[in-house]
Amino acid sequence: MADPWQECMDYAVTLARQAGEVVREAIKNEMNVMVKSSPADLVTATDQKIEKMLLSSIKEKYPSHSFIGEESVAAGEKSVLTDSPTWIIDPIDGTTNFVHRFPFVAVSIGFTVNKKMEFGVVYSCLEDKMYTGRKGKGAFCNGQKLQVSKQEDITKSLLVTEFGSSRTPETVRIILSNLERLLCVPIHGIRGVGTAAINMCLVATGVADAYYEMGIHCWDMAGAGIIVTEAGGVLMDVTGEPFDLMSRRIIAANSKTLAERIAREIQVVPFQRDDED
Ligand SMILES: [Mg+2]
């Protein structure tokens with residue numbers, strides 16, 4: 001049987017490239033920065049412009065499909081995952097990087113059917129790296145096949161994570177104490193390039209062994225999630241339970257062994273689910 005979603009994936013790649021052009025142009029100009037949920041949760045006109053551009057192109061071609069987009073949700077749309085073919089879009093993952101011209105900015109497009117990830121496209125626009133993952137067909141970066149690392153010993157691992165955009169003292173305290181626990185295991189190190197999608201692609205590439213974060217959203221994980229699993233990695237909840245795209249938290253690791261080991265060190269920060277009112 002022909003792959004019914006391959007055409008959608010090819011279209012997603014084309015759109016992500018076009019969006020990347022817009023990012024590369026816009027970053028040269030002065031920006032008007034606005035805040036959303038916290039003083040560190042930023043948005044610009046470019047985030048909104050790219051989301052509009054992606055949504056209108058996809059809606060025109062696939063009018064029966066569903067959508068969850070970061071900026072549409074910010075504008076009051078619901079973010080509920082259904083069984084229908086659903087495009088999950090982050091027009092700019094790494095808006096803070098974009099605002100500061102820190103060179104890791106991604107356009108992320110995930111696609112689910114029956115709530116399962118079918119493909120993901122993450123375009124790291126300033127590096128010109130196109131990451132893709134298609135269920136059962138592997139993960140690639142600019143045409144090169146991706147494979148996660150083999151390091152299952154946490155004491156020899158390099159992790160990626162972020163501090164998040166919450167500035168609530170209690171949340172920051174737990175995030176720092178998780179970092180402290182992990183560093184003191186000890187591990188080789190902790191990195192983070194400022195976007196969940198690219199951090200996860202670095203795990204898929206095998207240059208980082210695992211990524212974890214809490215407080216992110218489905219649009220931060222939907223594109224890169226399947227890139228990690230198709231590169232041989234695993235997704236898990238930070239509690240060690242099965243991964244849930246709407247839960248706002250994730251461990252993406254090279255192996256179940258490493259993911260479970262990280263889960264043992266992490267204290268959960270409570271966040272309201274993406275699909276909760
Ligand atoms: Mg974004």
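Reader: Which residues coordinate the magnesium ion?
Author: The magnesium ion is held by Glu70 (OE), Asp90 (OD) and Ile92 (O), at 2.0 to 2.1 Å. Keep in mind that this is a predicted model.

Reader: Is Glu70 buried or exposed? And Ile92, buried or exposed?
Author: Glu70 is buried, at 12% relative accessible area. Ile92 is buried as well, with a relative accessibility of 1%.

Reader: New topic. How many salt bridges does the count come to?
Author: The count is 19 salt bridges. One of them joins the side chains of Asp3 and Arg134, with 2.6 Å from N to O.

Reader: Where do Asp3 and Arg134 lie?
Author: Asp3 is in the segment before helix H1 (6–26), and Arg134 is in strand S7 (residues 129–134), so the bridge ties together parts that are 131 residues apart in sequence.

Reader: Asp3 first. What is its relative accessibility?
Author: Asp3 has 22%, so it counts as partly exposed. The cut-off for buried is under 20%. Arg134 is buried, at 7% relative accessible area.

Reader: What about Asp83, which side chain does it meet in a salt bridge?
Author: Asp83 meets Lys115, at 3.2 Å from N to O. This pair also links distant parts of the chain, 32 residues apart. Asp83 sits in the loop between helix H3 (70–74) and strand S4 (86–93). Lys115 sits in the loop between strand S5 (106–113) and strand S6 (116–124).

Reader: How accessible are those two, Asp83 and Lys115?
Author: Asp83 is partly exposed, with a relative accessible area of 42%. Lys115 is partly exposed too, at 46%.

Reader: And the bridge from Arg261, what does it meet?
Author: Arg261 pairs with Glu265, at 2.8 Å from N to O. Both lie in helix H8 (residues 256–265), four residues apart, about one turn of the helix. Glu265 is buried, with 13% relative accessibility.

Reader: Which residues do salt bridges with shared partners join into one network?
Author: That network holds Asp3, Glu118, Arg134, Lys135 and Lys137. Asp3 and Arg134 are the pair with the 2.6 Å N to O distance.

Reader: Switching to aromatics. How many aromatic pairs does a search of the whole structure find?
Author: The search finds seven aromatic pairs. Take Trp5 and Phe111: their ring centres are 5.2 Å apart and their planes meet at 55 degrees, so the pair is tilted. Trp5 is in the segment before H1 and Phe111 is in strand S5, 106 residues apart.

Reader: Are Trp5 and Phe111 buried or exposed?
Author: Both Trp5 and Phe111 are buried.

Reader: Which residues form the aromatic cluster?
Author: The cluster is made of Trp5, Tyr11, Tyr62, Trp87, Phe111 and Phe119.

Reader: Charges over rings next. Which ring does the charged end of Arg17 sit over?
Author: Arg17 has its charged end over the ring of Tyr123, 5.7 Å from the ring centre. For Lys59, the charged end sits over the ring of Phe67, 5.3 Å from its centre.

Reader: On to helix H6. How many of its residues are buried?
Author: Nine of the 10 residues in H6 (residues 196–205) are buried, which leaves the helix mostly covered. Among the buried ones are Ile198, Met200, Cys201, Leu202 and Val203.

Reader: What happens at the start of H6, and just after it?
Author: At the start of H6, a side-chain oxygen of Thr195 comes to within 3.4 Å of the backbone nitrogen of Ala197. Just after H6, Gly206 has a positive phi of about 95 degrees.

Reader: Last one. Where does Ser124 lie, and what is its relative accessible area?
Author: Ser124 is in strand S6. It is buried, with a relative accessible area of 0%.

Reader: What is Ser124 in contact with, leaving aside neighbours within four places in sequence?
Author: Ser124 then has contacts with Val105, Ala106, Lys129, Tyr131 and Ile198. Ile198 is one of the buried residues of H6.

Note on methods:
Residues are numbered from 1 along each chain as its sequence is written. This is a predicted model: local features need pLDDT of at least 70, side-chain atom pairs count only at pLDDT 80 or more; totals for chains, interfaces and linings use all residues. Side-chain values use heavy atoms; hydrogens and water are left out. A salt bridge is a side-chain nitrogen of Lys or Arg within 4 Å of a carboxyl oxygen of Asp or Glu. Helices (H or I, at least four residues) and strands (E, at least two) are DSSP runs, numbered from the N terminus. Buried means under 20% relative accessible area, exposed over 50%, partly exposed in between (1.4 Å probe, protein chains only). Donors are N, O and S atoms within 2.8 Å of the metal (3.2 Å for Na, K and Ca); water is not among the atoms, so sites may look incomplete. A polar contact is a pair of N or O atoms within 3.5 Å; within protein, one must be able to donate a hydrogen and the other to accept it, and residues adjacent in sequence count only if both atoms are side-chain atoms. Rings of Phe, Tyr and Trp (its six-membered ring) pair if their centres lie within 6.5 Å; planes under 30 degrees apart count as stacked, over 60 as edge-to-face and the rest as tilted. A charge sits over a ring if NZ of Lys or CZ of Arg is within 6 Å of the ring centre and within 35 degrees of the ring normal. Contact means heavy atoms within 4.5 Å.
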